[in-house]
Amino acid sequence: MNTGLRITAFTAALAAAFTTAYGVGQSLDPAVAERPPEHDAGHASASGHPEGGDGDGHGGHGTVPAGGLGISEQGYTLDLDTPHAEAGEPAELRFRIRDDRGRTVTRFRREHDKELHLIVASRDLRTYRHLHPVRSGDGTWTTTADLPQAGAYRIFADFTPARQGARGLTLGADLAVSGAYRPLGLPDARSTARVDGYEVRLTGTLRPGRASELELTVSRDGRPVTDLQPYLGAYGHLVALRSGDLAYLHVHPNGEPGDGTTKPGPAVSFTATAPSSGSYRLFLDFRHDGVVRTAAFTVHAGPADTRTDAPATSPDSEDVTW
């Protein structure tokens, strides 16, 4: 195929991917998450930070919007300098956070050992990167990402401005990765995932509008891993993305290293609330032997208050390569 035809084919495929994602996203309920109890590190809003505020809610609880669906929120905007990349090539991503007057923000609150967490995920949820860019003096953030597959991607900037009273935000922007594009469906739901010789088992059910516990247990060569290492101040980090519109849910574990009760494995537990019914992709980052690895799962959150005892996944395992 000549160059002109290849570009035309990719453009058409990319347009179809965006159209499909938009249509699925519109079919889901409005993205809201239950307000978490205060001072409980195990609970987080859809943007990954405890939130206050009023709202219509469910059962009298306040609600907050799911994170990552907008490029601007509360006067802050994600300004992505590099909205295009090439598949299979190291991509340098540059961006700024601007305030409501267009000024570049240069002061951020440090959370989980970093001023800003950057998540890059493909629209089909098969490629995932958790990155920590470097900020220059003028407020420009820079990082390099390896994106192996062409298609539509979403970038999430998870941060808290240093301004007094500011709350945590997750802003999202689209990234187009050019190359030979082949659309793939969401991976099947399974309760175990294998990555680099490790097996991670998921137990628990993700429920819409209702907090529930998810437990992920790490083993290697059939033996429980009991010496997980802290990564960004925790024994594991969990990000959930809703299939269709990629609504963002970032939840931190119940407990933390050094609190006197939390053990370094084999199990890491999280308390999470799904913004709505639908399919989600869960990404667990954990560190062992000095290396951070990611285990991924597909789960289904059914209609509220139904199938409360049904597993969200099947017992088969999924091999994961990142």
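The model described here is a predicted one. In the chain, Gln-74 sits in the loop that runs between β3 (72-73) and β4 (76-80).

The backbone of Gln-74 has a phi near 50 degrees, which is a positive value in a residue other than glycine. Most residues other than glycine have a negative phi.

## Backbone at His-112

A positive phi also occurs at His-112, again near 50 degrees and again in a residue other than glycine. His-112 belongs to the loop between β6 and β7.

The relative accessibility of His-112 is 32%, so His-112 counts as partly exposed; that class covers values between 20% and 50%.

## A cis peptide bond

The bond that joins Gly-265 to Pro-266 is a cis peptide bond, and its omega is near 0 degrees. Most peptide bonds are trans. Pro-266 is found in the loop between β18 (248-251) and β19 (267-272).

## Aromatic pairs

How many aromatic pairs does a search of the whole structure find? The search gives 6. One of them joins Phe-108 and Trp-141: the ring centres are 5.4 Å apart and the planes stand at 75 degrees, so this pair is edge-to-face. An angle over 60 degrees is what places a pair in that class.

Phe-108 is in the loop between β6 (90-98) and β7 (116-122), while Trp-141 is in strand β10 (residues 141-146), so their pair ties together parts that lie 33 residues apart in sequence. Both Phe-108 and Trp-141 are buried.

## A stacked pair

Tyr-128 and Phe-283 form a pair with ring centres 4.0 Å apart and planes at 5 degrees, so the two rings are stacked; the cut-off for this class is under 30 degrees. The pair links distant parts of the chain, with Tyr-128 in strand β8 (residues 128-131) and Phe-283 in strand β20 (residues 278-288), 155 residues apart. Tyr-128 is buried, as is Phe-283.

## An aromatic cluster

Which residues do ring pairs link into a cluster? They are Phe-95, Phe-108, Trp-141 and Phe-159. Phe-108 and Trp-141, the edge-to-face pair described above, are thus both members of this cluster.

Conventions:
Residues are numbered from 1 along each chain as its sequence is written. This is a predicted model: local features need pLDDT of at least 70, side-chain atom pairs count only at pLDDT 80 or more; totals for chains, interfaces and linings use all residues. Side-chain values use heavy atoms; hydrogens and water are left out. Rings of Phe, Tyr and Trp (its six-membered ring) pair if their centres lie within 6.5 Å; planes under 30 degrees apart count as stacked, over 60 as edge-to-face and the rest as tilted. Helices (H or I, at least four residues) and strands (E, at least two) are DSSP runs, numbered from the N terminus. Buried means under 20% relative accessible area, exposed over 50%, partly exposed in between (1.4 Å probe, protein chains only).
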